[in-house]
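Reader: I would like to go through this model feature by feature. Please give the general idea each time, then the case at hand.

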Amino acid sequence: MTISKGQLVGYIRVSTVEQNTARQEDQLSEFSLDRVFIDHASGKDVSRPQLQAALLHLREGDTFIVHSMDRLARNLDDLRKLVKELTTRGVRVQFVKESLTFTGEDSPISQLLLSVMGAFAEFERALIRERQREGIAVAKDKGTYKGRRPCLTAAKAKEMLDRVSQGVSKTKVALEYGISRETLYNYLRQA
């Protein structure tokens, strides 16, 4: 498959708004990127506004450059599905940290590395969740657990709920406010 010269598109993800993207930005600065998409969201699934925007933006001949596999997905099934979907569309997927590039014409060893390293990312996420549950249990026992902070201010939440009541699709509203649909449904249940 001959790949025409397309855009170099970067993707950066950190798990929370408080986390800094500088390390990943620095790593990707060696490329002359035409466009960069940045998410401040968990990698637990692919319901991230900037990832979805990047997927819509990418065209045949483009190269999608990601700092590392765990920045794209922390779930092996999602990682493999994203790479396959993109390479089938003629988009090269390049992981800088792992020094791996996928084109759709990948060797069995490349596929093995994708699976093994993706499995490690998924395993790491499971460990993080386990430590988090343990920490919450300890905090609850001490009476210091306050729960998760709301992602939206009261004014933003009301504005969002008004948009839903006006008939705007829940998926569209969730993307506009940078939250998952499940979070939107939580706000709807509380209202």
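**Reading the model**

Author: Ser-47 sits in the loop that runs between β2 (35-40) and α2 (49-57); helices (H or I, at least four residues) and strands (E, at least two) are DSSP runs, numbered from the N terminus. This is a predicted model, in which local features need pLDDT of at least 70 and side-chain atom pairs count only at pLDDT 80 or more, while totals for chains, interfaces and linings use all residues. Residues are numbered from 1 along each chain as its sequence is written, and side-chain values use heavy atoms, with hydrogens and water left out.

Reader: How far apart are Ser-47 and Leu-175 in sequence and in space?

Author: They are separated by 128 residues in sequence and by 8.7 Å in space, C-alpha to C-alpha.

Reader: Is Gln-94 buried or exposed?

Author: Buried means under 20% relative accessible area, exposed over 50%, and partly exposed in between (1.4 Å probe, protein chains only). Gln-94, in strand β4 (residues 92-95), counts as buried because its relative accessibility is 18%. Ser-47, at 47%, is partly exposed.

Reader: Which residues of helix α8 are buried, and where do they lie around its axis?

Author: An α-helix has 3.6 residues a turn, so residues three or four places apart point the same way. In α8 (residues 181-190), the buried residues are Thr-183, Leu-184 and Tyr-187. Viewed down the axis, the buried residues of α8 fall within an arc of 105° and so line one face of the helix; the arc is that of the directions from the helix axis to the C-beta atoms. These residues pack against α6 (154-165) and α7 (170-177), where contact means heavy atoms within 4.5 Å.
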